[in-house]
Amino acid sequence: LLLGGAISNAGGLRAWCVEHLRLPDHAACEQFLAEHPGPAERLAVLPFWLAERAPTWRDDLSGAITGITQSTTALDLLHAITEATYQRLATVAALLPKTTQTIVGGGIQRSPASLQRLADVLNRPLTVCDESEPSLRGAAVFALERIGCAVAPVTGSTVKPRARFAAAYAAQRRALATLEQRLDPLRPVPR
């Protein structure tokens, strides 16, 4: 048995932001995210306008952004939407057995600020994997270990969570679960 939780909207939502919010170049986005650690102020996002997979697998959901004011910028929205997708990953991670290593790969590697934010939201160290298909490698490693083969652990740089932000993100996750329940009272709220 291999347990996991796939989300499909993290990269898709980032692409949506780039396409629809008229964001500045990548370097300016990186600088903004790095200069604004911790949860987005005033904004709360349920990122369901692109299909959600785990943990609830409902395709009838719609997204929500609350707290927008006339002073909200496109970069503020990028910040809040990025966090919202990471909060979905944190919800999935909380439902899975504890792991000894959390490995990340893919497009997030181009954004040191996003890697740090993900570590803070998950409140666990991240090993940045240079493998081209880290999910495929993880499934193969799991299968090999189950039949008794020793496999070398993934090596790569490590991004450690910052405790002062991890606590704030845990509070944000609870607030998002409450918002989700209010907007869809028939929906079971993930733990």
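So, how are H1 and H3 oriented relative to each other? They are roughly antiparallel, where "roughly antiparallel" is the label for angles over 145 degrees, with under 35 counted as roughly parallel, 65 to 115 as roughly perpendicular and the rest as oblique.

Before I go on, a word on what you're looking at. This is a predicted model, where local features need pLDDT of at least 70 and side-chain atom pairs count only at pLDDT 80 or more, while totals for chains, interfaces and linings use all residues. Residues are numbered from 1 along each chain as its sequence is written, and side-chain values use heavy atoms, with hydrogens and water left out.

Okay, the overview. The protein chain has six helices and five strands; these are DSSP runs numbered from the N terminus, with helices being H or I of at least four residues and strands being E of at least two. Going along the sequence, the pattern is α-α-β-β-α-β-α-β-α-β-α. Of the 191 residues in the protein chain, 38% are buried. Buried means under 20% relative accessible area, exposed means over 50%, and partly exposed is in between, using a 1.4 Å probe and protein chains only.

Back to that first pair. Helix H1, residues 10-20, packs with helix H3, residues 74-95, at an angle of about 170°, and their axes are 9 Å apart. The axes are lines fitted to C-alpha atoms, for helices over the stretch in contact, and the angles run from 0 to 180 degrees between N-to-C directions. On the H1 side you have Ala10, Leu13, Arg14, Trp16 and Cys17, and they meet Leu78, Ile81, Thr82 and Thr85 in H3. Contact here is heavy atoms within 4.5 Å. By class, that contact has six nonpolar, two polar and one charged residues. For the classes, Ala, Val, Leu, Ile, Met, Phe, Trp, Tyr, Cys and Pro count as nonpolar, Asp, Glu, Lys and Arg as charged, and the others, Gly among them, as polar.

H3 has another partner, helix H6, residues 163-183: the two axes come within 10 Å and cross at roughly 90°. That makes H3 roughly perpendicular to H6. The contact of H3 with H6 has three nonpolar, three polar and four charged residues.

Now H2, residues 26-35. Which of its residues are buried? Those are Cys29, Glu30, Phe32 and Leu33. They cover an arc of only 165° around the axis, so they sit on the same side of H2; the arc is that of the directions from the helix axis to the C-beta atoms. H1, H3 and H4 are among what covers them. Look at the other side of H2 and you'll find Ala27, Ala34 and Glu35 exposed.

Next, the sheet. Three strands make an open sheet in the order E3-E4-E5, with mixed pairing; two strands pair if DSSP finds at least two bridges between them. At the edges are E3 (102-104) and E5 (158-159), each pairing on one side only. E4, residues 126-128, is joined to E5 by two bridges, and these strands run antiparallel. Thr127 stands opposite Thr158 in E5. Helix H4, residues 112-122, lies across E3, E4 and E5, at about 150° to E4.

Last stop, the loops. Most residues other than glycine have a negative phi. Arg22, though, has a positive phi of about 55°. Arg22 is in the loop between H1 and H2, and counts as exposed at 79% relative accessibility. Asn123 also has a positive phi, near 55°. Asn123 is in the loop between H4 and E4, and is partly exposed, at 47%.
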